[in-house]
Amino acid sequence: MAQTGFDSDSKLSKRKKIIYVDDVNYSLITVKNRLSDHYEIFPAESVVKMYEFLEFFVPDLILLDVNMPDIDGYEAIKSLKADERYTDIPVIFLTGNSDRESVVKGLSLGAVDYVVKPFSEAKLIESIDTHLSPKKSKDMQNEEDDDNKPSVLIVDDVSSMLRAMQYALHDRYKVYILSKSEDAIDFLRTKKPDLILLDYLMPVINGFDLIPIIRNLPDHKDTPIIIITTEGTIDHVNEAMSLGASDFIVKPFKPKELNDKVAKHIRISKELQKLREDNKNLYG
């Protein structure tokens with residue numbers, strides 16, 4: 001039987017178990033040395049080795065490099081998410097690929113975070129801990145005392161804009177606010193708001209890049225998305241709509257305009273949902 005490095009002491013350990021997959025030995029050693037005081041680290045020099053570990057135990061989290069021979073990180077996460085035994089394991093990409101396309105692709109395939117090398121040990125540990133013990137961020141700790149209200153998720157990296165939109169909508173809706181696209185992807189994997197307000201200009205993943213990621217998430221194929229933008233050109237609007245946006249609002253806007261558009265698209269969405277259910281009941 002292949003040696004896995006998984007011994008009886010590890011089985012008895014109460015520390016969280018993390019498999020780190022990277023074909024560079026130096027990286028494997030460095031990451032293990034920097035994280036071993038906090039977690040039980042199992043270095044794997046290939047995806048094949050990762051699957052050898054998985055025969056013995058299900059880890060609490062997987063750190064995954066992108067560029068590897070034979071099977072790269074993207075193919076690895078696809079196979080993990082397609083297997084019901086492993087689909088719920090949080091995967092964080094830890095890689096030198098820092099271009100936007102790589103980040104977007106990694107997150108769209110199901111990664112919970114994307115950390116670029118060289119990495120900050122503190123930030124990596126913070127990311128790992130967040131996804132080992134998920135907690136609502138301060139931005140997500142909104143009052144939820146009226147569960148009968150329709151829910152709206154607002155994603156904008158400008159805190160003043162977040163608060164302004166939250167204030168404009170809070171009387172009629174249960175409002176969630178997030179300042180990062182990455183957090184929005186995590187949120188939408190488990191929550192289904194009635195509508196999403198999405199800023200266009202955001203770091204790492206902008207609003208236009210985020211739309212197709214949202215559309216590929218379970219239960220969000222038809223969730224209304226309103227893009228918030230400073231540009232109102234026809235080309236800009238057409239691009240947003242072609243990517244799957246339902247509408248757009250140009251900054252600066254008035255609270256009444258915001259409320260009217262949100263109400264309109266939630267109403268349309270609910271009417272379409274009811275129509276589908278009626279047709280299903282009628283025709284089977």
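Let's start at Asp219. This residue is exposed, with a relative accessible area of 59%. Exposed here means over 50% relative accessible area, buried means under 20%, and partly exposed is in between, with a 1.4 Å probe and protein chains only. Asp219 sits in the loop between α9 and β9. Its phi is near 75°, a positive value in a residue other than glycine.

A word on the source. This is a predicted model, where local features need pLDDT of at least 70, side-chain atom pairs count only at pLDDT 80 or more, and totals for chains, interfaces and linings use all residues. Residues are numbered from 1 along each chain as its sequence is written, and side-chain values use heavy atoms, with hydrogens and water left out.

Asp70 also has a positive phi, about 70°, and is not a glycine. Asp70 lies in the loop between β3 and α4 (73-81). Relative accessibility is 84%, so Asp70 counts as exposed.

One more backbone point. Which peptide bond is cis, with omega near -10°? The one from Lys117 to Pro118. Pro118 belongs to the loop between β5 and α6 (121-132).

Now the overall chain. There are eleven helices and ten strands. Both are DSSP runs numbered from the N terminus: helices are H or I with at least four residues, strands are E with at least two. Of the 284 residues, 47% are buried. The accessible surface comes to about 15,200 Å², and carbon and sulfur atoms hold 50% of that. Those areas come from the Shrake-Rupley method with a 1.4 Å probe, and for residues only the protein chains shown count as cover. Take the contacts with a separation of 6 or more: 62% of them join residues 24 or more positions apart. Contact means heavy atoms within 4.5 Å.

On to the sheets. Two strands pair if DSSP finds at least two bridges between them. Val21 stands opposite Leu64 in β3.

What is its strand order? It runs β7-β6-β8-β9-β10, and the pairing is parallel. Here β7 (174-178) and β10 (247-250) stand at the edges with a single partner strand each, so one side of each has no neighbour in the sheet. The twist averages 20° from one strand to the next. β6 (residues 151-155) and β7 run parallel, joined by five bridges. Val152 stands opposite Val175 in β7.

Next, the core. The largest nonpolar core has 49 residues. By definition, that is a set of buried Ala, Val, Leu, Ile, Met, Phe, Trp, Tyr and Cys residues joined through side-chain atoms within 4.5 Å. Ile19, Val21, Met50, Ile62, Leu64 and Leu198 have the most contacts inside it. Helix α9 (residues 207-215) gives the most to this core, with five residues. Look at Ile62. Beyond residues up to four places away in sequence, Ile62 touches Ile19, Val21, Met50, Leu80, Ile89, Pro90, Val91 and Ile92.

Last stop, Ser102. Ser102 is placed in helix α5 (residues 100-108). Is Ser102 buried or exposed? Buried, at 8% relative accessibility. Leaving aside neighbours within four places in sequence, Ser102 is in contact with Tyr74, Asn97 and Tyr114.

Notes. Axes fitted to C-alpha atoms, helices over the stretch in contact; angles between N-to-C directions.
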